[in-house]
Amino acid sequence: MSFSPRQLFYDGKIQSASSGKTFKSINPADATPLADIHIASHSDIDAAVASAQRAFQSWSQTPHVVRARILQKAVTILRERNDEVARVETLDSGRAYTETSTVDVVTGADTLEYYANLVGSGGLNGETVQLREGAWIYTKKAPLGVCAAIGAWNYPIQM
């Protein structure tokens, strides 16, 4: 089984890497090529970050319940496509299908669901604490901006 080239995704659409470079994803079980993966250049990364910064203004103003619905939609898609996603993960990583189909995709969906429920329930609200009579402190949890993360190679769906 092979797949069409895997490109970058940012600014709401699939993008070709400006580097013009790719690498081959190889099925570790039989060494067959699975797909050519586009390699992002520094300018591609800068463009993706700029896109996220532009989107941040409206996303940070999006009501919690709407954010939760978006995450729940992702949960639904992962669960509906569990077997398909697990098969691709098995081909790409060499992990047993019994593990990718019952652990990897399932826990990825569970992680998204946890955060959807946390966001939707107001669980990311701030706190108010009375220090003494007439003296209060409060915290407000609010989006601060764009961030990046390096995910674990062995559980990419959870990231």
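This report covers the salt bridges of a predicted model.

Local features need pLDDT of at least 70, side-chain atom pairs count only at pLDDT 80 or more, and totals for chains, interfaces and linings use all residues. Residues are numbered from 1 along each chain as its sequence is written, and side-chain values use heavy atoms, with hydrogens and water left out.

Side chains of opposite charge can pair when their charged atoms come close. The whole structure holds eight salt bridges (a side-chain nitrogen of Lys or Arg within 4 Å of a carboxyl oxygen of Asp or Glu).

| Pair | Closest N to O distance |
|---|---|
| Lys 24 and Asp 36 | 2.7 Å |
| Arg 81 and Glu 84 | 2.8 Å |

Take Lys 24 and Asp 36, joined by a salt bridge. Lys 24 sits in strand β3 (residues 22-26) and Asp 36 in strand β4 (residues 33-38), so the bridge ties together parts 12 residues apart in sequence. Strands are DSSP runs of E, at least two residues, and helices are runs of H or I, at least four, numbered from the N terminus. Lys 24 is partly exposed at 49% relative accessibility. Asp 36 is partly exposed at 26%. Here buried means under 20% relative accessible area, exposed over 50%, and partly exposed in between (1.4 Å probe, protein chains only).

Arg 79 is partly exposed at 38%, and Asp 110 at 34%.

Arg 81 pairs with Glu 84. Arg 81 is partly exposed at 42%; Glu 84 is too, at 40%.

Finally, a network of salt bridges links Asp 11, Lys 13 and Arg 54.
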